[in-house]
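Please look over the sequence and the structure below, and then read the briefing that follows, which is grouped by topic. Keep the model open beside the text while you read, and find each residue as it is named.

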Amino acid sequence: MWHELLSDYTFRLVVSGSAIIGAVSGSLGCFAYLRRQSLIGDVVSHASLLGIVGAFWLAYLLTGEGNKSLWLLIPGAIFVGVASLLLTRGITNTTRIKEDAGLGLMLGIFFGTGLMLLRWMQRATPPIPGRSGLEDYLFGMAAAMTMDDLWMIGGLGLLAMSLMLLFWSRLKVLTFDPQYAAGLGLSVRWLELLMLCLMVIGIVIGLQIVGVVLMIAMLIAPASAARQWTRHLGPMVALAAGIGGVSAALGASISAAGEHLPTGPVIVVIVSLVFLFSILVAPGRGLLVRGWRNVD
């Protein structure tokens, strides 16, 4: 069975794409985890539905044809994801609304609008060509991945990782001490924007595999698991990338080998099990390890 799967073109595409998504999302999620900005990932993933549906609708209005290519939908998701965060920042800076309340408000507004537009297009008369399949972005549709999609995911992932490494020292200082970064003369505002854009990329590239509802787990769970094993940012990012990539590839493989197993949820279950294992047995921070030391 595994020999047949490995020789299957679609299987190789899905596993490769899943591994890339898991590695990129896991590594970038470390910054969101350490800065206690996990809710940002949830807002971006849900808001991205509006970007996907909006990009599809705009293409239909301009060309008269439906287009579900990731080369069109992902830029729309990135645009709306960044817009939701910038709008939240503007609201919290000009009003007395707290950041968590602003993020929750943006999540409801953007996700609700995206769902409303999606349902309207599904029931539109006459039918909009190519509209079927957009609802799969809620929970992912790994089997629909093509080579063009893989190039899109790999290109954006490579771009995000390259920018992270290029600005590594600056992002590291910003993560642990923003005031010190400002004292060094670093442009904190632009670094904040860069970090937000990187997190948005790490989220939207996984929407086709995991979906907008579960994508937050791919951003935070690998980083949370990696944090249990190390106290240093570099090893944490590398370990989170490994956990995310291996878990995603393994989940895609199990989904393909089983019957009626959705790829996204299987990946999330596996990475969640890795997280649970880490918080139980990780040296120094594991609950079982600390309990054993207290007994001694």
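In this predicted model, the largest cavity is lined by Ile-40, Leu-85, Thr-88, Arg-89, Thr-92, Glu-99, Leu-103 and Leu-196. That cavity has a volume of about 50 Å³, and the structure holds one cavity of 30 Å³ or more.

**Cavity and pocket**

- The elements that give two or more residues to the lining of the largest cavity are helix H4 (70-94) and H5, and it is H4 that gives the most, with four residues.
- Rolling a probe the size of a water molecule over the atoms shows where empty space is left.
- The largest pocket has a volume of about 250 Å³, and its lining is made up of 19 residues, among which Val-14, Ala-142, Ala-143, Ser-255 and Thr-263 lie nearest its centre.
- Two or more residues of the pocket lining come from each of H2, helix H11 (233-257) and helix H12 (263-281), and the largest share, four residues, comes from H2.

**Nonpolar core**

- The largest nonpolar core has 88 residues, and those with the most contacts inside it are Leu-171, Ile-205 and Leu-207.
- Leaving aside its neighbours within four places in sequence, Ile-205 is in contact with Ile-21, Val-24, Ile-153 and Leu-156.

- When neighbours within four places in sequence are left aside, the residues in contact with Ala-32 are Gln-37, Ser-38, Met-199, Leu-219 and Ile-220.
- One of these contacts, Leu-219, is 187 residues apart from Ala-32 along the chain, while the C-alpha atoms of the two residues are separated by 8.2 Å.
- Ser-224 belongs to helix H10 (residues 215-227), and with a relative accessible area of 8% Ser-224 is buried.
- Not counting residues up to four places away in sequence, Ser-224 touches Tyr-33 and Phe-275.

**Aromatic pairs**

- A pair of aromatic rings is described by the distance of the centres and the angle of the planes.
- The count of aromatic pairs comes to three, and in one of them the rings of Phe-31 and Trp-168 have their centres 6.2 Å apart and their planes at 75 degrees, so this pair is edge-to-face, a description given to planes over 60 degrees apart.
- Because Phe-31 lies in helix H2 (residues 9-34) and Trp-168 in helix H7 (residues 168-176), the pair ties together parts that are 137 residues apart in sequence.
- Phe-31 is buried, with a relative accessible area of 4%, whereas Trp-168 is partly exposed, with a relative accessible area of 23%.
- The rings of Trp-57 and Trp-120 have their centres 5.6 Å apart and their planes at 70 degrees, so the pair is edge-to-face.
- Trp-57 lies in helix H3 (residues 38-63) and Trp-120 in helix H5 (residues 99-122), so the pair ties together parts that are 63 residues apart in sequence.
- Trp-57 counts as partly exposed, at 30% relative accessibility, and Trp-120 also counts as partly exposed, at 46% relative accessibility.

**Cysteines**

- A disulfide is a covalent bond between the sulfur atoms of two cysteines.
- The count of disulfides in this model comes to zero.
- Why is the sulfur of Cys-30 too far from the closest cysteine sulfur for a bond? The closest cysteine sulfur, in Cys-197, is 19 Å away, whereas a disulfide needs the two sulfur atoms within 2.5 Å, and so this distance is too far for a bond.
- Cys-30 counts as buried, at 0% relative accessibility, whereas Cys-197 is partly exposed, with a relative accessible area of 27%.

Note on methods. Residues are numbered from 1 along each chain as its sequence is written. This is a predicted model: local features need pLDDT of at least 70, side-chain atom pairs count only at pLDDT 80 or more; totals for chains, interfaces and linings use all residues. Side-chain values use heavy atoms; hydrogens and water are left out. Buried means under 20% relative accessible area, exposed over 50%, partly exposed in between (1.4 Å probe, protein chains only). Contact means heavy atoms within 4.5 Å. Rings of Phe, Tyr and Trp (its six-membered ring) pair if their centres lie within 6.5 Å; planes under 30 degrees apart count as stacked, over 60 as edge-to-face and the rest as tilted. A nonpolar core is a set of buried Ala, Val, Leu, Ile, Met, Phe, Trp, Tyr and Cys residues joined through side-chain atoms within 4.5 Å. On a 1 Å grid over the protein atoms alone, a cavity is a set of points where a 1.4 Å probe fits but cannot get out, and a pocket is an open set with protein on both sides within 12 Å along at least five of seven lines; lining residues have an atom within 4 Å of a point. Grid points are joined across faces, edges and corners, and a volume is the space filled by probe spheres set on the points.
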